[in-house]
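Hi everyone, thanks for coming. I'd like to walk you through one chain today, so please have a look at it while I talk.

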Amino acid sequence: VIGVDMETLRPMPTVKGFSTPGGYSAQAVRPIALHHTQKLAKALTENAKYKNVSISGMGGIEKSSDAIEFILLGSHTVQSCTGPMLQGYKMVHELKAGLEAFMVKHNFNHVSCFHSLLKL
């Protein structure tokens with residue numbers, strides 16, 4: 001629960017009138033998730049045994065810049081739950097457009113190019 005809607009008096013997020021308590025989520029958890037993503041990425045790159053392990057970033061991804069931060073810090077993929085719950089699936093269009101614009105700006109042909117910037 002990230003709050004209470006003052007109009008409907010229902011816990012948020014609410015999807016089609018339903019809400020359920022969850023864990024610590026949304027923007028509040030993003031700095032913690034980014035920290036752990038970076039720590040995990042560094043640990044995996046330092047051990048050849050785990051070089052093919054993928055990281056999926058999650059925690060507070062509500063817009064393209066959030067997803068890009070996770071990828072820059074070592075995630076190979078990202079996941080979002082609260083973002084689509086609050087914004088609807090239309091948020092995927094912004095994620096795609098923002099990611100594409102970032103890639104064009106930095107001349108990236110593939111998401112894996114983000115990792116070349118990473119200085120852990």
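This is a predicted model: local features need pLDDT of at least 70, side-chain atom pairs count only at pLDDT 80 or more; totals for chains, interfaces and linings use all residues.

If you follow the chain along its sequence, the pattern reads β-β-α-β-α-β-α-α. The C-alpha trace spans about 50 × 30 × 20 Å along its principal axes. Of the 120 residues in the chain, 28% are buried. And if you take the contacts between residues at least 6 apart in sequence, 50% of them join residues at least 24 apart.

Let's turn to helix α1, residues 30-45. Now, which residues of α1 are buried? They are Arg30, Ala33, Leu34, Thr37, Ala41 and Leu44. Looking down the axis of α1, you'd find these buried residues within an arc of 100°, so they line one face of the helix. On the other side of α1, Pro31 and Lys39 are exposed. As for what the buried face meets, the buried residues of α1 pack against β3, at 56-58, and against α2, at 64-72.

The largest nonpolar core has 7 residues, and they are Ala33, Leu34, Ile61, Ala67, Phe70, Met91 and Leu95. Three helices, α1, α2 and α4 (91-105), each supply at least two residues of this core. There is also a second, separate core of 6 residues, and Ile68, Ile71, Phe108 and Phe114 are among them.

Ala33, leaving aside its neighbours within four places in sequence, is in contact with Met58, Gly59 and Phe70. Leu95 sits in helix α4. Is Leu95 buried or exposed? Its relative accessibility is 19%, and the cut-off for buried is under 20%, so Leu95 counts as buried. Have a look at Lys63 in particular: 32 residues separate Leu95 and Lys63 along the chain, yet their C-alpha atoms are separated by 5.7 Å.

Ser64 gives us the view from helix α2, where it is located. Ser64 is buried, at a relative accessible area of 8%. Not counting residues up to four places away in sequence, Ser64 touches Glu94, Leu95, Gly98 and Leu99.

Staying in α2, please find Asp66, which lies in that helix. Asp66 has a relative accessibility of 1%, and counts as buried. What does the side chain of Asp66 have a polar contact with? The partner is the side chain of Gln27, at 3.2 Å. Beyond four places in sequence, the residues in contact with Asp66 are Gln27, Arg30, Gly60 and Ile61. Arg30 has come up already, as one of the buried residues of α1.

Next, two spots on the backbone. Which phi values are positive in a residue other than glycine? Leu9 is one such case, with phi near 60°. Leu9 is placed in the loop between β1 (3-4) and β2 (11-12), and at 64% relative accessibility it counts as exposed. Asn107 is another, with phi near 55°. You'll find Asn107 in the segment after α4, and at 67% relative accessibility Asn107 counts as exposed.

Finally, the cysteines. How many disulfides does a search of the whole structure find? The search finds 0. Cys81 is exposed, with a relative accessible area of 51%. Cys113, at 24%, is partly exposed.

Notes. Residues are numbered from 1 along each chain as its sequence is written. Side-chain values use heavy atoms; hydrogens and water are left out. Buried means under 20% relative accessible area, exposed over 50%, partly exposed in between (1.4 Å probe, protein chains only). Helices (H or I, at least four residues) and strands (E, at least two) are DSSP runs, numbered from the N terminus. The arc is that of the directions from the helix axis to the C-beta atoms. Contact means heavy atoms within 4.5 Å. A nonpolar core is a set of buried Ala, Val, Leu, Ile, Met, Phe, Trp, Tyr and Cys residues joined through side-chain atoms within 4.5 Å. A disulfide is a pair of cysteine sulfur atoms within 2.5 Å. A polar contact is a pair of N or O atoms within 3.5 Å; within protein, one must be able to donate a hydrogen and the other to accept it, and residues adjacent in sequence count only if both atoms are side-chain atoms.
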